[in-house]
Amino acid sequence: MGTPQRVFNLLSAPAVSVNARFEAVPAEFKGEDITETVLGSVGVAFCDVRGGMIQFEIDVANGDISTRRLESMQPTTRSNQPPGNRSVGDRLKAAGVRFMHEWYECDLRWMACEWREASADTMPLDVPMLPRVRTGFSRIKLRGSTAQLEISRHAMVRLGNDTRSTTIDCQHFTAWPAALAACNSLLHGIAPYNFKEEWTLILAASSLKPGRDFFYFAQVIIEQPTRKPMKD
């Protein structure tokens, strides 16, 4: 369970160390299986093939990523924008660590979501560019010589509280027939059960505020590296 605001080691092994800061779940974001504490920001240190160590970190609150050489403790790059992501990838590659970063995006034109590579043709985290909707969910894959990790950024979402509720205006989606039809079906209570939650989140996402309506947390999956190459 960890202790809120304390950093714990998740893995210590030859050539790699994984640490995470535990965070308390605010009362308004507690759910069926998200109750007491969760993983917050995650740091991973790899042995650099050139000597020394390189550390990768994701700030789970804003999705910002950074790398640093541990000898100097000076950040080599820090950014959640595409150019910064490429720099992070280059720094890790030079240290012998494979890196892939993806964002989960939805599209109002067909009311579907998919993982997209965080490259120059995708929008920054804090810039809304309809009809594409950035959810704030992301995942990062790292592979060194002794371990392969997947760090996912998830969120609990709040659509309102006792004094405020999120309003979805269907007329806002008239430019995208699929989104308008989904909105009207939700409004009239005829949306398919399996799509109600997903459609509501997609349509509400552009109105929600990261610091108010989202509580972000991390999930870490640690695997032994496989012989199959990881796509860049």
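Visitor: Which residue does a disulfide join to Cys170?

Guide: The partner of Cys170 is Cys183, and the two sulfur atoms of this disulfide lie 2.1 Å apart. Before we go on, please keep in mind that this is a predicted model, in which local features need pLDDT of at least 70, side-chain atom pairs count only at pLDDT 80 or more, and totals for chains, interfaces and linings use all residues. Residues are numbered from 1 along each chain as its sequence is written, and side-chain values use heavy atoms, with hydrogens and water left out.

A disulfide here is a pair of cysteine sulfur atoms within 2.5 Å. The torsion about the S-S bond of Cys170 and Cys183 is about -85 degrees, so this disulfide is left-handed. Cys170 sits in the loop between strand E10 (148–157) and helix H2 (177–187), while Cys183 belongs to helix H2, so the pair ties together parts that are 13 residues apart in sequence. Those labels come from DSSP runs, numbered from the N terminus: helices are H or I with at least four residues, and strands are E with at least two. Both Cys170 and Cys183 are buried. Buried means under 20% relative accessible area, exposed over 50%, and partly exposed in between, with a 1.4 Å probe and protein chains only.

The link of Cys106 and Cys113 is right-handed, with 95 degrees about the S-S bond. Cys106 counts as buried because its relative accessibility is 4%. A search of the whole structure finds 2 disulfides, and counting the bonded cysteines along the chain gives the pattern 1-2, 3-4. Cys47, at 39% relative accessibility, counts as partly exposed.

Arg158 makes a salt bridge with Glu28, the closest N and O atoms being 3.8 Å apart. Arg158 lies in the loop between E10 and H2 and Glu28 in the loop between E2 and E3, so to speak a link between distant parts of the chain, 130 residues apart. A salt bridge is counted when a side-chain nitrogen of Lys or Arg is within 4 Å of a carboxyl oxygen of Asp or Glu. Arg158 is buried, with a relative accessible area of 14%, whereas Glu28 is partly exposed at 46%. The loop between strand E2 (16–24) and strand E3 (37–47) also contains Pro26, which is partly exposed at 25% relative accessibility. Pro26 and Glu36 are 10 residues apart in sequence, and their C-alpha atoms are 8.4 Å apart in space.

Ser152 counts as buried at 7% relative accessibility. Leaving aside neighbours within four places in sequence, Ser152 is in contact (heavy atoms within 4.5 Å) with Ser138, Arg139, Phe217, Ala218 and Gln219. Ser152 and Glu102 are 50 residues apart in sequence, with 9.5 Å from C-alpha to C-alpha.

Back to charged pairs for a moment. The count of salt bridges comes to 9. One of them joins Asp213 and Arg212, with the closest N and O atoms 2.9 Å apart. Asp213 is buried at 0% relative accessibility, while Arg212 is partly exposed at 32%. Arg116 and Glu114 also meet in a salt bridge, at 3.8 Å from N to O. Arg116 is partly exposed at 23%, and so is Glu114, at 43%. Glu105, Glu114, Arg116 and Arg132 are linked in a network of salt bridges.

Finally, here are two backbone details to look for. Met111 has a positive phi of about 50 degrees although it is not a glycine. You will find Met111 in the loop between strand E7 (98–107) and strand E8 (112–117), and its relative accessible area of 8% makes it buried. Gln5, also not a glycine, has a positive phi of about 65 degrees. Gln5 belongs to the segment before strand E1 (7–13) and is partly exposed, with a relative accessible area of 48%.
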